Amino acid sequence: MKYLFYACSGEGIVRYVCQLIGKYIDEPYAAPIETLLDDLSVIAFSDSAEELWGTLHFGRQVIPPAKIAEENFDKIFICSAMSYETIKKNLTDQYGVAADKIDCTAVKQSNYIRKQFVQYFAKRAEASGIEGNVAEGGVYRGAFAKVINKCFSNRTLHLFDTFEGFSPNDIVNDKKLAKSVNKHSHLGETCVEIVLNSLPYREKAIIHKGIFPETTKNVDDIFVFVSLDFDLYSPIKSGLEWFYPRMNRNGLILVHDYFNTNFDCMKAVDEFCEYYGLMPIPIGDGLSVAIICTSQVLP
Ligand SMILES: C[S@@+](CC[C@H](N)C(=O)[O-])C[C@H]1O[C@@H](n2cnc3c(N)ncnc32)[C@H](O)[C@@H]1O
């Protein structure tokens with residue numbers, strides 16, 4: 001069998017796929033990723049980002065999506081945590097890739113683990129009587145906001161986003177992104193109505209549209225759960241700094257994309273956690289870490 005992987009989004013999901021199709025059930029993290037890819041006959045990566053075409057990703061060529069159908073392969077695995085349905089549709093409709101060759105299992109499983117994590121934490125928080133509202137920083141079209149809103153149906157949900165994609169200053173400050181997919185309009189195909197319409201309890205939502213952390217100025221609240229999914233170094237770092245002192249004891253901050261090698265998210269989290277003596281805990285979805293908030297006020 002010969003495989004292609006779609007999207008150079010980082011090691012977590014790629015390892016996940018290797019485990020799905022390979023023989024690494026017990027120790028997928030033991031071997032260098034290039035070795036796993038060699039063993040599995042992964043012949044190339046593909047990505048929509050033009051800047052990556054012709055470069056090497058984990059030792060493999062990154063080819064344009066338009067070239068996928070010309071390759072001799074058995075399956076293409078989607079390794080992007082977001083919008084896998086759109087990616088699949090584009091590959092079939094625009095680039096003539098056979099639908100039965102496209103596999104989204106790893107991304108679906110990764111999303112499922114993150115959803116389950118929030119669901120269980122919400123139940124636990126409710127049972128333990130931890131007070132506080134909830135928030136998401138980085139909402140895009142509301143896929144995960146919907147999950148938070150459903151799990152914490154009786155709590156106010158603060159939603160922070162430009163709803164116009166990344167801010168140019170944040171792109172410059174994220175060394176990894178600045179070097180690769182340098183598009184400030186990235187993730188701009190959304191609007192507030194799309195998000196509100198997707199929420200089961202939209203009356204609980206408060207929208208804070210604009211560049212974070214400028215949009216926090218008039219917010220005065222205490223939180224039990226916060227999801228930070230801004231991708232980039234600056235808003236992730238300022239998100240941790242702004243939310244942490246406003247978290248209730250035993251509240252939780254979930255940071256997506258910690259293991260995504262396209263962004264400097266890990267750097268932001270590690271710097272913050274090291275400074276305050278905190279421990280980021282991987283949740284097992286290949287991308288996210290959880291930070292338990294042990295004190296309400298920063299030292
Ligand atoms: C990966 S998407 C979020 C995905 C979303 N959580 C989901 O589950 O579908 C990242 C979002 O962060 C937003 N974002 C990034 N930096 C921001 C900033 N400084 N202020 C406000 N929004 C920002 C982008 O506009 C984008 O919508």
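This is a short tour of a predicted model, taken in steps that can be followed in a viewer.

**The two domains**

Start by colouring residues 3–103 as domain 1 and residues 109–293 as domain 2. The centres of these domains, taken over C-alpha atoms, are 26 Å apart. Next, look at where the domains meet: 12 residues of domain 1 are in contact with 11 residues of domain 2. On the domain 1 side, the touching residues comprise 6 nonpolar, 3 polar and 3 charged.

**A pair of helices**

Then select helix H9, residues 233–243, together with helix H10, residues 265–276. How are their axes placed? They lie 8 Å apart, and the helices pack at an angle of about 30 degrees. Angles under 35 degrees count as roughly parallel, so H9 and H10 are roughly parallel to each other. Their crossing is right-handed.

To see the contact itself, show the side chains on both helices. H9 contributes Tyr 233, Ile 236, Lys 237, Leu 240 and Glu 241. From H10 come Cys 265, Lys 267, Ala 268, Val 269, Glu 271 and Phe 272. Coloured by class, the residues of this contact are 7 nonpolar and 4 charged, with no polar ones.

Definitions and conventions
Residues numbered from 1 in each chain as written. Predicted model: local features only at pLDDT ≥ 70, side-chain atom pairs only at ≥ 80, totals over all residues. Domains from an automatic or database assignment. Contact = placed C-beta atoms within 7 Å. Nonpolar A, V, L, I, M, F, W, Y, C, P; charged D, E, K, R; others polar. Axes fitted to C-alpha atoms, helices over the stretch in contact; angles between N-to-C directions. Helix = DSSP H or I, 4+ residues; strand = E, 2+ residues; numbered from the N terminus. Parallel < 35°, antiparallel > 145°, perpendicular 65-115°, else oblique. Left-handed = near helix turned anticlockwise from the far one by under 90°.
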